[in-house]
Amino acid sequence: MLHFSKYKITGIALAIFLGLLFSVPNFLSEDARLSLPAFLPSGKLNLGLDLQGGSHLLLEVDTGSITRERLETLISDIRIELRAKSIGYTGLSLVKNAVELTIRDESQIDEAIVVFDDLNQPVVNSLLGGVGGNAELTIEALDDGKFRFGFSEQAIIARNTKTVQQSIEIIRRRVDELGTTEPVIQRQGNTRILVQVPGLNDPERLKALLGQTAKLNFHLVDQNRSAYEAANSGRVPAGSLLVYTDTDPATPYLIQRRVMVSGERLVDASMGFDPTTGSPEVDFRFDSIGGKKFGEVTKTNIGRPFAIILDNKVISAPVIQSAILGGSGRITGGFSVQEANDLAILLRAGALPAPMSILEERTVGPGLGADSVAAGRLALIIGFVAVIVFMALSYNLFGLFANAALIINMILIMGVLSALQATLTLPGIAGIVLTVGMAVDANVLIFERIREEIAAGQPALVAVDKGYSRALGTILDANVTTLLAAIILFQLGSGPIRGFAVTLAIGIVTSVFTAFVLTRFFVARWIRSRGRSVELPI
Amino acid sequence: MKSLRLVPSKTSVNFIKRRYISFCLSLIFLSVGAFSLATQGLNLGIDFKGGTLIEASQEEPVDISALRNRLNELGVGDVQIQSFGNENDVLIRLAGDSENAAENLKAVETIRADLESSFEIRRVEVVGPQISGELISAGILAVTLAIAAMLIYIWFRFEWQFSLGSVIALTHDVAATIGIFSLLQLEFNTSILAAILTIVGYSMNDTVVVYDRVRENLRKYKKMDLSELLDLSINETLSRTTVTSVTTLLALFALFFLGGEVIHGFAFAMLWGVFVGTYSSIFIAAPLLLILGVKRDWSGNIKQSD
């Protein structure tokens, strides 16, 4: 146990050297760190949101709304196809998450089935880029010519995946506009998106930007009937929609259901100021198709109002003064500078494919983060010093060996965390403090064992040798159990808790190395320098 | 130089004979904990209950009742305010509308807008009911899995009696921790859950050290009476058990007193867990072996792990 081959010594030295190399960037100033030559590691510990401040949002994409939308489309498709083939039907309607209808004439059922099969497209698999073998629809033939249509499992999964991916893309564009460094935007589970934005001074603005679908549409206002009358009676004409402004009290508008120009046709939007009133506005530009369409509609509807609808709310409803042919326009609606700016951001980034809701928010201000870092550092230093003093008092010289190992242990933990680019959280710091207390355990086990062997009358060298070899099994068993707990914690924990699991696990591995290998090396060297008949200061 | 010894080098305390005292003590405490859990339950944090929490601070002591009146006027529902760490710092809790996360977010916006002029908003947490439900089930799963993993590992390395004994001791520690949190009505959140899992690891660590010595002595003293042998093993490892507990407690006390309010609950749970874990290794896990009985003939295993 006390013999170290040259290879082993080289290995130990290398491990310590690498630990030092990777942990050094944490202690350098930012300039010095960035000017390190490329072959040297320059990565630094990332501070978690709880330490540097920032916002953590968990969003859920309402994929159900996409399914409902698709079902509506399916209804109109079925209606059109059956009419074209002159097949009579009744009761075409949405029932839960399915469409149902009954074919009136039994003799036309076979004909109808052919129509339905034509409607049933295979699922496009976005991952393989090709066409998958699964049909999009499930078509059930019930009794008496009744049919029920639903979407197949594969179709729903494929659509949800696409929706979430598109949402992530849109969110990324919106968050990028805030100009913060290194936001994290990733899919979590099936329909959730995690957004982490560090160092943000206005978390409400982030939420405002992410909370909106930002679906913009231009509709002509239906002037055949009074909007107030429709709102009071609740009777809305078939081709129209009743929408409100976002003001208090809300003003109702009756608009044509048909979209005049969709916001998808926007290519650019920016904040500007109304040249006459000087109030903030949003200037936008359509692509060529949108611009042409906008030009045509405005040309034929001069004198009529149209409504600009954002997420089913009326922003404004100006009267068309003249044909707008240039493909660009502006939205005025009594915005503040911030509101106009944000609306421009939203329009530039595009609309989310589905509404999103915020399931969880955790925002930490920079003040608390800095306080936590300071408190964590203080606790670490004091805990460290207390343990070191205690070990030195308990085991004399051997205690000093253990302390040297503990210091190297800290360097190794920092090195591994930096090399992995792990994120240090407040619980992570707690994990390190805890490691300081528990790391010496392996040495305590060994030293107590050595004491026992000495008490049993063994000569020093044998006592040390036996102490190390007999304690090894115990050390491994005892640490594997804690490691198991840390791994489970990592698998099931979230955010900061994961940071704790990571530091705890790394701490366990480095502790066993430093306590078992490193102190053994120190002890072996020391004994060798003293000769064989040495008295152990333990 | 004479070294510091918390425990004399040779002790012969009769732990096993007094096992009924410790069993009774544990039983009483766990019953009280269970009663408290049944009657007043746990003071669940928003992680597990859902809701809204805002930490705000200002330069001078906060007049809590004035702040409560001010926030009640905003019409954001039931507002709970308590000071946090020191007088300048407050925690504002909203029971909120548990069904509607959007309403909770709106309430935060209202409060933030109102407080921003005179307070520093240090932290905002809003957890929807869906998430808190998931966190509860993930937490229960994690603790169960951890205990199961220990059961299997110890079974694999020792014998089933050891495995069962250590897991009973572990469950005792977890139950005692949940019990004290219920009894004192301390906030139970995800960081407490992390502490419990760490306690599971620590307590097991402690038990394994004692069991390891029991196994070794079983091989060494083939004819020794089991209760005598268990006492010997506990006494032999007593010094190590105390030293490790002391170093861990030293680090944890530093965390408890200096680590800041946010980590306070975690540090408390760990302090308690280390205390209970050490106690259970000596007074529960070891005596349990006497009740469960152990295999005395380890001759077949000597080569394998020595």
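Q: Which helix of chain A holds A:Pro496?
A: This is a predicted model: local features need pLDDT of at least 70, side-chain atom pairs count only at pLDDT 80 or more, and totals for chains, interfaces and linings use all residues. Residues are numbered from 1 along each chain as its sequence is written, while chains are lettered from A and ligands numbered from 1 in the order in which they are written. Helices (H or I, at least four residues) and strands (E, at least two) are DSSP runs, numbered from the N terminus. A:Pro496 is found in helix H15.

Q: Is A:Pro496 buried or exposed?
A: A residue is buried if 20 or more other C-beta atoms, placed from the backbone, lie within 10 Å of its own, exposed if 12 or fewer, and partly exposed in between. A:Pro496 has 25 C-beta neighbours inside 10 Å, so this proline counts as buried.

Q: Which residues is A:Pro496 in contact with, leaving aside its neighbours within four places in sequence?
A: Contact requires C-beta atoms, placed from the backbone, within 7 Å. A:Thr67 is 429 residues away along the chain, with its C-alpha atom 35 Å from that of A:Pro496. The contacts of A:Pro496 are A:Gly48, A:Asp50, A:Thr425, A:Leu426 and A:Pro427.

Q: What is the radius of gyration of chain A?
A: The radius is taken over C-alpha atoms, and the globule rule is 2.2 Å times the number of residues to the power 0.38. A compact globule of 538 residues would come near 24 Å. The C-alpha atoms of chain A fill a box of roughly 110 × 70 × 45 Å along the principal axes. The radius of gyration of chain A is 35 Å.

Q: Which residue of E13(A) does A:Tyr244 stand opposite?
A: E12(A), residues 240-245, pairs with E13(A) in the antiparallel sense over five bridges. Across from A:Tyr244 stands A:Pro252.

Q: Which residue takes a positive phi in the hairpin of E7(A) and E8(A)?
A: E7(A), residues 137-141, and E8(A), residues 146-151, are antiparallel over five bridges. A:Leu137 stands opposite A:Phe151. Four residues lie between the strands, and the positive phi, near 55°, belongs to A:Asp144.

Q: Which element gives the most to the side of chain A that touches chain B?
A: 63 residues of chain A are in contact with 64 residues of chain B. Elements giving two or more residues to the chain A side include strand E20 (356-364) and helix H11 (366-419). With 17 residues, the most is given by H11(A).

Q: Which residue of E5(B) does A:Glu360 stand opposite?
A: E20(A) and strand E5 (residues 120-127) of chain B pair in the antiparallel sense over five bridges. The residue opposite A:Glu360 is B:Val127.

Q: How far apart are the end C-alpha atoms of H7(B)?
A: H7(B), residues 190-220, has 27 of its 31 residues buried. The expected span of a helix is 1.5 Å times one less than its number of residues. For H7(B) that rule gives 45 Å, which agrees with its end C-alpha atoms, 45 Å apart.

Q: How far apart are the C-alpha centres of the two domains of chain B?
A: The bounds come from an automatic or database domain assignment. Domain 1 covers 16-44 + 132-305, and domain 2 covers 51-127. Their C-alpha centres are separated by 39 Å.

Terms used: Contact = placed C-beta atoms within 7 Å. Pairing = 2+ DSSP bridges.
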